Structure formats: C-alpha cells, structure tokens
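Open the model in your viewer and keep the selection panel handy. We will walk from one stop to the next.

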Amino acid sequence: MKTIALNHPLIEHKLTILRDKNTGTKEFRELVKEISMFLCYEAFKDAKLDKTKIETPMQEMTSGKLNEDAYAFVPILRAGMGMLDGVLSVIPNAKIGHIGMYRNEETYEPVNYFFKVPKDIEKREVILLDPMLATGGSAIDAIDLLKEKGVKRIKFLCLIAAPEGLKVVEEKHPDVQIYCASIDDKLNANKYIMPGLGDAGDRIFGTK
Ligand code: PRP
Ligand code: URA
C-alpha cells in the first residue's frame, strides 16, 4: 500500500516548530501529541461503524458508532510512547501493547527487548506508533512480531519517514498502511533522517 502523507498547512506548521532544535521538551511533547491526533484521525477514515439507535432531544435516529474495543495501540518504545496520549485522546477505550526496540549504534539493526500485548491481540486491528521510520528495520521487526501473534490488520503511524525506509517496509509488508506527517529527503551516513528532527526519544524524554 502506498504511504499516506498528511499534506496540510497546519501539520507543516506544527512540524516546523517540532523540528527546530531550539524547541524545548515541553513544547516538543505537546506537538508530538497533537500531530499524533491528526494521524489517528486520518488512519480511522476507513473505520467501520455499528449502526446504533439513539434519541436526540429532537427525535430518534440511527447513527454510526465505533467499536473502540476492536483496536489496540502499540507504541514502539521508547519514542512511540510520546504518541500514545494523542491517539488515546481520540480513541480512549483502545487496548494498549508495548514493543521495546532500540537500534544497535554500530549495525543500525533493531534489537527487541520487550514484547507485551493484549492476549486477544489477533482479534484486533493494531495501530503501531513510532515517530521515526528511518531504515525501516524497527518497523519491519515490530510488524513481524505482531504477525507471528496472528494479527491480521496493522496500520503504522509515524511523524517523519525516510524514503529508503518506506520503500523496504512497503515491500516487506505491503498489507500494512503507513501514515506519516512528512516524507523527508534521505538518511545520512549514521542512518538519521535528514532534515528530520534529531533523536526523537532523546527529545521527548530530555535524555540528551
Ligand atoms: C528510533 C525510533 C525508531 C527507530 C527508527 O528509536 O524511535 O524506533 O529509531 O529507526 P529504524 O527505522 O532505522 O529502525 P531508537 O533506537 O533511537 O530508540 P528510542 O526510541 O529508545 O530512543
Ligand atoms: N531515530 C531517530 O530518533 N531519529 C532519526 O533520525 C533516526 C532514527
């Protein structure tokens, strides 16, 4: 599936502040949350609704309702945690899983150190969260782990993606729809996204 990039002046405005190296931790977190809400809004465009009878103060009507319990949000630790508040403010009843991954600093290969998801995860649509898709290695491994658990429907939400990484994720997992706020120019020699925003985890948690 072709990656869907949010193309909107408000998103570009928020990304501009987010990318700025002078933006502090508090504002950075707020912006990650806000952009994640918009990504979630876009990702639920094709959501199926249950027809529900209600009474407005004026009359009866039938209207669509989302079965929020059919979804699970799965942030990739650490940086994916920064997106969780935003998506939960839109779908507050979704279940939550966690996948711990870090990139080996020499090989740039992802290392999985934690995996805990709801026990009926295979019945749910999973929305994976990670602000950065660089080489795509972390995304591919996280999707592999979920598919091994029997998950059939996966969407991947990120803030910034590199074209090189998107290509490999799209090839390896063509059934996974990716949503991002921006597709940037390229990776640098250290596999960081250019122009990017630096290290998302460090900026969210203030660790550097
Ligand atoms: C970052 C980011 C992704 C990964 C992307 O995590 O949050 O998980 O790198 O890179 P890739 O596409 O090349 O795999 P990092 O390893 O910095 O861990 P952190 O979230 O704990 O900071
Ligand atoms: N991880 C990040 O946090 N930033 C990048 O640019 C690449 C990987």
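**First stop: ligand 2**

Select ligand 2: the space it takes is the largest pocket. A pocket here is an open set of points on a 1 Å grid over the protein atoms alone, where a 1.4 Å probe fits, with protein on both sides within 12 Å along at least five of seven lines; its lining residues have an atom within 4 Å of a point. A molecule counts as sitting in a pocket if more than half of its atoms lie within 2 Å of the pocket's grid points.

Two notes before going on. This is a predicted model, in which local features need pLDDT of at least 70 and side-chain atom pairs count only at pLDDT 80 or more, while totals for chains, interfaces and linings use all residues. Residues are numbered from 1 along each chain as its sequence is written, chains are lettered from A and ligands numbered from 1 in the order in which they are written, and side-chain values use heavy atoms, leaving out hydrogens and water.

Now show the residues around ligand 2 (those with a heavy atom within 4 Å); among them are Lys 191, Tyr 192 and Asp 199. Look for polar contacts, pairs of N or O atoms within 3.5 Å. A polar backbone atom of Ile 193 is 2.8 Å from an oxygen atom of the ligand, and a backbone N or O atom of Ala 200 also lies 2.8 Å from an oxygen atom of ligand 2. At Gly 198, a backbone N or O atom is 2.8 Å from a nitrogen atom of ligand 2.

**Second stop: ligand 1**

Which pocket does ligand 1 take up? Select ligand 1 and you will find that its space, too, is the largest pocket. Of the 16 residues around ligand 1, those that come nearest include Thr 135 and Ser 138. Zoom in on Asp 130, where a polar side-chain atom lies 2.5 Å from an oxygen atom of ligand 1. Next, pick Arg 103: an N or O atom in its side chain is 2.8 Å from an oxygen atom of ligand 1. Arg 103 is also one of the residues around ligand 2. Finally, Ala 79 has a backbone N or O atom 3.0 Å from an oxygen atom of ligand 1.

**Last stop: the pocket itself**

Terms used: A polar contact is a pair of N or O atoms within 3.5 Å; within protein, one must be able to donate a hydrogen and the other to accept it, and residues adjacent in sequence count only if both atoms are side-chain atoms.
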